[in-house]
There are 2 protein chains.
Amino acid sequence: MKHTIQALVENRFGVLARVSSLFSARGYNITSLAVGETADPTVSCMTIVVNAEDERILEQIKKQLNKLIDVITVNDFTHKEYIERELILIKLSADRNCEEMLTTAVKKGSIRVIEKNKNFCIIEACSERHKIEEILKELKKAEVIELVRTGKIAIGK
Amino acid sequence: MKHTIQALVENRFGVLARVSSLFSARGYNITSLAVGETADPTVSCMTIVVNAEDERILEQIKKQLNKLIDVITVNDFTHKEYIERELILIKLSADRNCEEMLTTAVKKGSIRVIEKNKNFCIIEACSERHKIEEILKELKKAEVIELVRTGKIAIGK
């Protein structure tokens with residue numbers, strides 16, 4: 001099961017290494033991680049998506065996260081109502097498949113074309129994770145040259 | 001000076017801890033980091049923004065990144081042409097200032113309102129970093145309850 005955990009941390013060097021070590025020490029692979037500044041420049045916000053089979057181990061990790069001096073708060077969104085978004089940038093080879101696919105996707109409003117020339121086309125999509133997965137499925141008809149994702153961020157309702 | 005570095009890495013546990021340790025061992029604070037999956041499920045893409053005063057130390061870090069077994073490629077966007085985007089979610093207190101501010105910002109096309117009720121309003125903005133900073137300045141008139149950023153991602157032209 002995928003869990004979404006958010007931690008507010010002091011904006012200092014070493015914090016990211018300490019947080020990520022807590023997960024890797026238990027063999028937990030982080031699916032996605034987004035770390036950015038908050039309204040307070042001394043505080044960063046980490047949104048971590050982790051695939052945890054054993055909820056007890058995840059509870060341990062959350063407790064240990066809370067014990068780190070640099071961690072201010074830990075919030076597990078798993079059983080809460082929240083809004084999520086993820087951003088992707090994709091560079092597609094500009095062939096006929098790409099043209100067709102883009103026309104459909106732009107009409108649906110799911111993607112935006114940022115740049116287009118005779119060789120490639122760069123598009124962005126910003127949506128919920130499951131919609132991003134749908135967009136990626138549609139894109140399989142076209143040739144993906146490069147694909148970059150931010151990882152999910154979330155905000156409680 | 002802010003540098004944007006992108007690394008393709010094996011999607012295994014421990015990689016994030018090793019990469020972030022390389023930076024923290026030199027006292028380098030990562031401004032933002034976004035880690036997400038790529039088209040290949042065995043490979044993740046990390047986009048790292050770091051404030052490096054000393055370019056020589058950054059060169060060392062890049063070399064050491066390249067030496068890590070789990071790192072496939074390292075790309076420094078600093079002197080290259082690229083497209084960048086960052087995503088933010090903001091929860092604002094629903095007062096009169098918020099109303100006014102939103103009307104202007106939505107008209108400009110810089111933000112989208114995701115949810116609105118009598119207590120709060122959740123908005124998203126997806127743009128280049130400097131535009132995100134402008135949006136955040138405008139938002140100062142309203143009361144920000146929560147703010148989550150993905151960190152920057154980039155794709156070469």
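View 1. With a relative accessibility of 4%, B:S44 counts as buried (buried means under 20% relative accessible area, exposed over 50%, with a 1.4 Å probe and protein chains only). The model is predicted, so local features need pLDDT of at least 70 and side-chain atom pairs count only at pLDDT 80 or more, whereas totals for chains, interfaces and linings use all residues. Residues are numbered from 1 along each chain as its sequence is written, chains are lettered from A in the order in which they are written, and side-chain values use heavy atoms, with hydrogens and water left out. B:S44 lies in strand 3 (residues 43-51) of chain B, strands being DSSP runs of E of at least two residues and helices runs of H or I of at least four, numbered from the N terminus. The side chain of B:S44 makes a polar contact with that of B:N11 at 3.4 Å (a pair of N or O atoms within 3.5 Å, one able to donate a hydrogen and the other to accept it; residues adjacent in sequence count only if both atoms are side-chain atoms).

**View 2. The two sides of helix 2 of chain A.** The buried residues of helix 2 of chain A are A:L58, A:I61, A:K62 and A:L65. They cover an arc of only 100° around the axis, which puts them on the same side of the helix (the arc is taken from the directions from the helix axis to the C-beta atoms). The face turned away from this buried side carries the exposed residues A:R56, A:K63 and A:K67.
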